Amino acid sequence: MNPEKDQQHDPEAIEKSRQQRLEIDLAARWPVGIFIGSSIFWLLLGSALAIAASIKLHDPAFLAENPWLTFGRVRPAHLNIVAYGWLSTAGIGIGLWILSRLCRAPIRDNRSLTLAAALWNMGNAVGTWGILRGDSTAVEWLEYPTYAAPFLLVSFAFVMLESVGLIRRRPPGHIYISQWYIMAAFFWFPSLYFTAHGLLVLAPVQAPAQPPINWWFAHNALGLWFTPIGLGAAYYLIPKIIGRPIHSYYLSVIGFWSLAFFYAWNGMHHLIGGPFPAWLITASVVASIMMFIPVITVAINHHFTMVGHFKKTIYSPTLRFVVFGAMCYTLASFQGSTMAIRSLNGITHFTHYTIAHAHLGAYGFATMVFFGSIYYIMPRLLEREWPSRFLIRIHFWSCAIGFIAYFIFLSWGGILQGIEMNQKETPFLEIVALTMPYLKLRTVAGSLMTLGHLAFAVSFCWMIISHRASTGEPTLFSKRIPNPDPIS
Amino acid sequence: MFVAVTVILIVMLLGSVGALFAFSWAATHQQFENLEAAAESIFDADEPIGKPTDNFITDSHES
């Protein structure tokens, strides 16, 4: 598995590794392509519902006549679609491709994975339909009704089987840190989802025990599902693109294991101030502060791997998206740890600040890293380049500017809202009016992000249907390709 | 309630035992040794260290 440096100039070894990579990418074409392609459909639908929900917060009459499109349905539909339709579907595809690459083993069972993709999408479709028709479970992050769960369960079983098969077929030697992250995520997600679904929806536990299980699940869905896939992708793509090993593998190992052992304690900080044993919440606050350890290891690693190579983000779409995402990971995690501190939580809890934070993690980090990953993966699956650098530019700038604006407006509005909500004498409606301009600005920012998603979808479809032979030129942001810097 | 507690306990036990098993497997199977080689394991003869890969067509697919 280790690079054999003396073979670097051996044409036979070069040809062998090239052939092996082509074979791996070819085997992944259908299953990974379907997962990624369908995730983009859910991204668009999720964005449309997001804008509808956002408009309703400052214009309650908007689409209010149709019960299917009332706020109580549109908002959870948005959350579940982007969580399970977009992030999870894309995450499975990206995770499988990286695992296959790193295990040096082609995906074997194309048919079962294609079936898995079909079932996963059916689960999302049935779940969304269930929420919109009024069948939501009313458990946050788990609103898909019970009849959607079997589709997701069976689908994920196929994904797990294939990923275990890939790991078993790997050549002897090191398991790279991305493989650890992705394999762990592939085990964590189903156990989280189905434990929580069982205890909250299928056979609900007594009421006081429901919120901790709910937040154990919801927080871990971010930290033990989207995060490890995103970090696994970043740990693979950044070094691959710039051609330089990560700064410190040692730190990456510490980061992975500290996340694995301590992240699951975090969720109870959502219950600060709630009717719940204080010691459990305190343990969760401590665990949240401990998250500085894995986050700092990742931040140091990504930064020092990139040092001297930041200029390449001018050219490489993948690198620009992934580096943007990696920076947001650090910010989101630091912010999350501070939000678990009781004094700060007293202001930010139940405000728009929390929504902004959730988007910093799920959008600024996970979504942007996934966009970057897709820009890297698709040309290799199809042996065809992205058709238009203009569309990629629109995609990046709309999403980046839209998201930064979204985050600033909503955080600012949320802080003002939190401060006012702590003043007993301020009438509640005054606080609602106070947040109004920020909610309107959020709609504008969200629309800008959606414009980026549209450009991405057009770019993706264009790439799929075009039969244009490769020109031999990669689609970079700029035509001028930088000289590859030799690593000292 | 009994069922719920049993489910939670089983999940906790499986999760903890699984994590400890994975950690001890990693420790006894040289996953924490020779870390430089681990960091370099994503490169190969065709895409070696020092070669950027976001220009894949010219680099790897053209003969």
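## The largest cavity

The lining of the largest cavity is made up of six charged, three nonpolar and two polar residues (Ala, Val, Leu, Ile, Met, Phe, Trp, Tyr, Cys and Pro count as nonpolar, Asp, Glu, Lys and Arg as charged, the others, Gly among them, as polar). Chain A contributes residues including Arg101(A), Arg104(A) and Lys240(A), and Ile42(B), Asp44(B) and Glu47(B) also take part. H1(A) gives the most, with four residues.

This is a predicted model, in which local features need pLDDT of at least 70 and side-chain atom pairs pLDDT 80 or more, while totals for chains, interfaces and linings use all residues; side-chain values use heavy atoms, without hydrogens and water. Residues are numbered from 1 along each chain as its sequence is written, with chains lettered from A and ligands numbered from 1 in the order written.

## Helix H4 of chain A

Helix H4 (residues 149–168) has 20 residues, which at 1.5 Å a residue should span 28 Å, and its end C-alpha atoms agree, being 28 Å apart (the expected span is 1.5 Å times one less than the number of residues). Helices are DSSP runs of H or I with at least four residues, strands runs of E with at least two, numbered from the N terminus.

Among the buried residues of H4(A) are Leu152(A), Phe156(A) and Met160(A) (buried means under 20% relative accessible area, with a 1.4 Å probe and protein chains only). Their cover includes H1, H2, H3, H5 and H6 of chain A.

## Chain A as a whole

Chain A holds 14 helices and zero strands. Of its 488 residues, 59% count as buried. The C-alpha trace spans about 75 × 45 × 45 Å along its principal axes.

Definitions and conventions. On a 1 Å grid over the protein atoms alone, a cavity is a set of points where a 1.4 Å probe fits but cannot get out, and a pocket is an open set with protein on both sides within 12 Å along at least five of seven lines; lining residues have an atom within 4 Å of a point. Buried means under 20% relative accessible area, exposed over 50%, partly exposed in between (1.4 Å probe, protein chains only). Contact means heavy atoms within 4.5 Å.
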